[in-house]
Amino acid sequence: MTVEVERKFVCDAEVIGRLKDIGAQCIGQRQFQDQYFDTLDFILTLKDFWLRCREGLWELKCPAVLGSKPVTEIETLCTRYKEITSFPLVQSEVRRIIKEHTAEGSESNSSQREQTDKVRENEDTDCCPTDDKKWLTDLNMVCFAEFKTERCSYILEREEGTVRVDLDKADFDYCVGEIEVLVPEVGDINAAVQRITKIAAELGLSCEKKVQGKMDVFLQRYRPDHYTKLLSAHIL
Ligand code: V4E
């Protein structure tokens, strides 16, 4: 498993020019469609878990607990998420999170009790992930965000290692850049943050405010209730 350490930035013509100046190599352009899933009461996202299907590949991004917490202002600009990409592991982790949540506050809430029952039923009948989306319906999960992205990817080779930069344009007319380093789960997250911070400086990124990701903007525009809940829970 890997931890994705990432800093978003406003992607304008100036930064694109700077990318070439500092020796970034374009490694390709592609388009993909993402679907994100959660329960109707947002069990996953309110705990900062993000379940995604991208072109048939499943991924669960989980808040990374290992590694030191951000201390400086600059360090808080980088997000850290553990990525689970094995489909059986994604399924078992999602089931675990929902089950734990429903067990926590179940007694007074009958809809949650129904959901727990569903999870229990599934344990007996749905161990084999043959039908792609059936497991989601069984857990009462729905798609809450769906969009396409055009991505242009670059790499920067530095002494400390390779850094990746993605320039994304979502189909709801939002552009964002990301500087990204993948670290093994037991790896040095701080070193990754330093590498990202160095590239950000080379790109002349001065903004010290967090830049909105595609999901922030999507939810703000199209799912304002969900967005407000995530803001209140300090997830976004
Ligand atoms: C982790 C997360 C979300 C899931 C996907 O986020 P992101 O990495 O922005 O998407 P994308 O398309 O670049 O995925 P990749 O190709 O890198 O796998 S949606 C919201 N979050 C949480 C989050 C946060 N709290 N703060 C910031 C700045 N970004 C994301």
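Predicted model: local features only at pLDDT ≥ 70, side-chain atom pairs only at ≥ 80, totals over all residues.

Analyst: Residues are numbered from 1 along each chain as its sequence is written, and side-chain values use heavy atoms, with hydrogens and water left out.

Start with the strand itself. Strands here are DSSP runs of E with at least two residues, helices are runs of H or I with at least four, and both are numbered from the N terminus. In β1, 6 of its 8 residues are buried. Buried means under 20% relative accessible area, exposed over 50%, and partly exposed in between, with a 1.4 Å probe and protein chains only.

Next, the neighbours. Two strands pair if DSSP finds at least two bridges between them. β1 pairs with β5 in the antiparallel sense, over 6 bridges. Within that pairing, E4 has Y81 of β5 as its bridge partner. β1 also pairs with β8, again antiparallel, over 8 bridges. There, V3 stands opposite V183. In a regular strand the side chains alternate between the two faces of the sheet.

Now the ligand. A residue is near a molecule if one of its heavy atoms lies within 4 Å of it. There are 17 residues around the ligand, and E4, K8, K61, E178 and K214 come nearest. β1, β3 (50–54), β5 (78–84), β8 (174–184) and α6 (214–222) each supply at least two residues of this shell. By class, the shell has 6 nonpolar, 1 polar and 10 charged residues. Ala, Val, Leu, Ile, Met, Phe, Trp, Tyr, Cys and Pro count as nonpolar, Asp, Glu, Lys and Arg as charged, and the others, Gly among them, as polar.

A polar side-chain atom of E4 lies 2.8 Å from a ligand oxygen. For K8, the corresponding distance is 2.8 Å. For R54, it is 2.9 Å. The protein covers 94% of the 640 Å² of accessible area that the ligand has on its own. Those areas come from the Shrake-Rupley method with a 1.4 Å probe.

D12 is partly exposed because its relative accessible area is 34%. A polar atom of the D12 side chain lies 3.0 Å from the backbone nitrogen of V15. D12 and V176 are 164 residues apart in sequence, yet 8.7 Å apart in space, C-alpha to C-alpha.

How values were computed:
Polar contact = N/O pair within 3.5 Å; in protein donor to acceptor, adjacent residues only side chain to side chain.
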